[in-house]
Amino acid sequence: NPALVGGAGPAPFGFFAGHVTICTRLGQLVFSIREAGWDRNRMGSLISEVANEGSWIVATVVWLLV
């Protein structure tokens, strides 16, 4: 059963889905900032999502190397 073997199961899809959802939220924030301008909430959300994507990049690299 491929789902029971590390690297052959659903993990690649999970990592891909994580990146897609984070990038989607980043895109929504960029459009929101373009439309309504910068404010404290949007800036905090943008910083949070950029940091979130950074952590996912690190997790993906570690997962690929291990």
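This is a predicted model: local features need pLDDT of at least 70, side-chain atom pairs count only at pLDDT 80 or more; totals for chains, interfaces and linings use all residues.
1. Before anything else, a convention: helices (H or I, at least four residues) and strands (E, at least two) are DSSP runs, numbered from the N terminus. Residues are numbered from 1 along each chain as its sequence is written, and side-chain values use heavy atoms, with hydrogens and water left out.

2. Helix 1 covers residues 11-36, so 26 residues, and spans 37 Å from its first C-alpha to its last, close to the 38 Å expected at 1.5 Å a residue (the expected span being 1.5 Å times one less than the number of residues).

3. Now for what is hidden. Buried means under 20% relative accessible area, exposed over 50%, and partly exposed in between, with a 1.4 Å probe and protein chains only. Buried residues come to 17% of the 66 residues in the protein chain. In helix 1 the buried ones are Phe15, Gly18, His19, Ile22, Leu26, Leu29 and Ile33. If you look at the spacing, recall that an α-helix has 3.6 residues a turn, so residues three or four places apart point the same way. The buried residues of helix 1 pack against helix 2 (40-65).

4. The largest nonpolar core has five residues: Ile22, Leu26, Leu29, Ile33 and Leu46. Helix 1 gives the most to this core, with four residues. For the record, a nonpolar core is a set of buried Ala, Val, Leu, Ile, Met, Phe, Trp, Tyr and Cys residues joined through side-chain atoms within 4.5 Å.

5. Setting aside neighbours within four places in sequence, Ile22 is in contact (heavy atoms within 4.5 Å) with Glu49, Asn52, Glu53 and Trp56.

6. Glu53 is the residue I'd click on. Glu53 sits in helix 2 and is buried yet has no salt bridge, the nearest side chain of opposite charge being Arg25, 7.6 Å away. On charges, Lys and Arg count as positive and Asp and Glu as negative, with His and the chain ends not counted. What Glu53 does have is a polar contact of 2.8 Å between its side chain and that of His19. A polar contact is a pair of N or O atoms within 3.5 Å; within protein, one must be able to donate a hydrogen and the other to accept it, and residues adjacent in sequence count only if both atoms are side-chain atoms. Beyond four places in sequence, Glu53 touches His19, Ile22 and Cys23.

7. The whole structure has two salt bridges, each a side-chain nitrogen of Lys or Arg within 4 Å of a carboxyl oxygen of Asp or Glu. One joins Arg25 and Glu49 at 3.1 Å, N to O. That pair links distant parts of the chain, with Arg25 in helix 1 and Glu49 in helix 2, 24 residues apart. Arg25 counts as partly exposed because its relative accessibility is 33%, whereas Glu49, at 12%, counts as buried. Asp39 and Arg42 also form a salt bridge, with their closest N and O atoms 2.9 Å apart.

8. Among contacts between residues at least 6 apart in sequence, 58% join residues at least 24 apart. Ala11, in helix 1, and Trp63 are 52 residues apart in sequence and 9.3 Å apart in space, C-alpha to C-alpha.
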